[in-house]
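Hi,

Here's the structure I promised to pass on.

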Amino acid sequence: QVQLVESGGGLVQAGGSLRLSCTASARAFSNYAMGWFRQAPGKERELVAVISPTGGTYEPDSRFTVSRDNAKNMVYLQMNSLKPEDTAVYYCALGPVVSRDERQYTSWGQGTQVTVSS
C-alpha cells in the first residue's frame, strides 16, 4: 500500500511563494509518474503539474514548477507569484503512466491546504 504525505501548505499573501513537498512510501518510486492536483471549494479537482519518472515535466502555469528527488522518494511543487485564486487543497498523486487525467493515478495523499490572502 503506497502512502503519500504532503506538507508545506499554509497561509501566504498574494505575490508570495510556497514550496509543497510530498513523500512517498512506494518501492521503486523512480518508476512512477507523479502529479500535483488541486481542488478549490465548490470546484472540480484540476491538474497543476506532472513529472515523469525521469524528470520530464508538464506545467501549464509557468508560476508553478514541479521537481523530484528519486533518491529521497520526494516530489516538490514550487509555487511563485501566488494569487487568491490559487487557494485550494493541493494533492500529490502517484501513477504508473504520465498523464493529465487524474483517473490514471492510483495513490493519493490527504492534501495540504494553501490559502492566498489578497
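Which residue lies over the face of Y91? That would be R45, at 5.4 Å from the ring centre. Before I go on, please keep in mind that this is a predicted model.

Now for the rings themselves. I found four aromatic pairs in the structure. Take F37 and Y105: their ring centres are 5.3 Å apart and the planes sit at 75°, so this pair is edge-to-face. It also joins distant parts of the chain, with F37 in strand β4 (residues 33-39) and Y105 in the loop between β9 (88-95) and β10 (107-108), 68 residues apart. F37 is buried, at a relative accessible area of 1%, and Y105 is buried too, at 4%.

Then there's Y91 with W108. Here the centres are 6.5 Å apart and the planes are again at 75°, so you get another edge-to-face pair. Y91 belongs to strand β9 and W108 to strand β10, 17 residues apart, and this pair likewise links distant parts of the chain. Y91 counts as buried at 15% relative accessibility, whereas W108, with a relative accessible area of 25%, is partly exposed. That label follows because buried means under 20% and exposed means over 50%.

One more arginine to look at: R100 lies over the face of Y58, at 4.0 Å from the ring centre.

Cheers

Note on methods:
Residues numbered from 1 in each chain as written. Predicted model: local features only at pLDDT ≥ 70, side-chain atom pairs only at ≥ 80, totals over all residues. Heavy atoms only, no water. Phe/Tyr/Trp six-rings, centres within 6.5 Å; stacked < 30°, edge-to-face > 60°. Helix = DSSP H or I, 4+ residues; strand = E, 2+ residues; numbered from the N terminus. Buried < 20%, exposed > 50% of the residue type's maximum accessible area, 1.4 Å probe, protein only. Lys NZ or Arg CZ within 6 Å of the ring centre and 35° of its normal.
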